[in-house]
Amino acid sequence: MHTCRNCNQSFQTELALELHRDTCKKGQLFCQVCGDRFREGDATQDGWHYECPNDECEGDGLQEDLYRVDDVRAATH
Ligand SMILES: [Zn+2]
Ligand SMILES: [Zn+2]
């Protein structure tokens with residue numbers, strides 16, 4: 001079983017999870033450094049300074065290393 005970390009929905013296959021992650025409403029931030037997605041609340045304490053919640057990842061700064069998924073979609077279309 002594969003579970004989405006953002007919304008806790010479960011999927012039978014990794015592919016199904018990957019497809020879900022593209023549309024998951026709760027995975028709104030995208031880290032350019034490690035390529036992971038997570039909730040906005042996981043990346044910031046105060047709504048001002050953002051950093052990647054992954055321990056091994058150095059990514060930080062909204063619009064620097066971290067982007068909103070919606071913004072990325074808008075930019076590529
Ligand atoms: Zn999800
Ligand atoms: Zn990261």
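**View 1. Gln 9 in the loop between β1 and β2.** In this predicted model, Gln 9 sits in the loop that links β1 (2-3) to β2 (10-11). Strands here are DSSP runs of E with at least two residues, helices are runs of H or I with at least four, and both are numbered from the N terminus. Gln 9 comes out as partly exposed, because 13 other C-beta atoms lie within 10 Å. The cut-offs, with C-beta atoms placed from the backbone, are 20 or more other C-beta atoms within 10 Å for buried, 12 or fewer for exposed, and partly exposed in between. Setting aside residues up to four places away in sequence, Gln 9 touches Cys 4 and His 20; a contact means that the two C-beta atoms, placed from the backbone, lie within 7 Å. Have a look at Cys 24 too: Gln 9 and Cys 24 are 15 residues apart in sequence, with 9.7 Å between their C-alpha atoms.

Some bookkeeping for every view: residues count from 1 along each chain as its sequence is written, while chains are lettered from A and ligands numbered from 1 in the order in which they are written. As this is a predicted model, local features need pLDDT of at least 70 and side-chain atom pairs count only at pLDDT 80 or more, whereas totals for chains, interfaces and linings use all residues.

View 2. Most residues other than glycine have a negative phi. Asn 8, in the loop between β1 and β2, has a phi near 65 degrees, a positive value. Asn 8 is exposed, since 8 other C-beta atoms fall within 10 Å. Gln 63 has a positive phi as well, near 70 degrees, and belongs to the loop between α2 (40-43) and β5. Gln 63 counts as exposed because it has 9 C-beta neighbours inside 10 Å.

**View 3. Leu 17 and Asp 22 on helix α1.** Both residues belong to helix α1, residues 14-23. Leu 17 is partly exposed, given 18 other C-beta atoms within 10 Å. Leaving out residues up to four places away in sequence, Leu 17 touches His 2, Cys 4 and Phe 11. Asn 54 is 37 residues from Leu 17 in sequence and 19 Å from it in space, C-alpha to C-alpha. Asp 22, by its 10 C-beta neighbours inside 10 Å, counts as exposed. Asp 22 and Arg 37 are 15 residues apart in sequence, and their C-alpha atoms are 9.2 Å apart.

**View 4. Lys 26 between α1 and β3.** Lys 26 is part of the loop between α1 and β3. Is Lys 26 buried, exposed or partly exposed? Lys 26 is partly exposed, because 16 other C-beta atoms sit within 10 Å. Beyond its neighbours within four places in sequence, Lys 26 is in contact with Asn 6, Cys 7 and Arg 39. With Arg 39, the C-alpha atoms are 5.6 Å apart even though 13 residues separate the pair in sequence.

View 5. Three strands line up as β4-β3-β5 in an open sheet with antiparallel pairing. The edges are β4 (37-38) and β5 (66-68), each pairing on one side only. Two strands pair if DSSP finds at least two bridges between them, and β3 and β4 pair over 2 bridges. Across that pairing, Leu 29 stands opposite Phe 38 in β4. Which residues make up the largest nonpolar core? It holds Leu 29, Phe 30, Cys 31, Ala 43, Tyr 50, Cys 52 and Leu 66, 7 residues in all. Strand β3 (residues 29-31) supplies the largest share, 3 residues. A nonpolar core is a set of buried Ala, Val, Leu, Ile, Met, Phe, Trp, Tyr and Cys residues joined through C-beta atoms within 7 Å.

**View 6. Helix α3, with a word on confidence.** Helix α3 (residues 69-76) has the lowest mean pLDDT among the elements, 72, while β2 has the highest, 96. pLDDT is the predictor's confidence in each residue, from 0 to 100. Where pLDDT is low, the predicted coordinates should not be read in detail. Overall, the protein averages 89, and 95% of the residues score at least 70.
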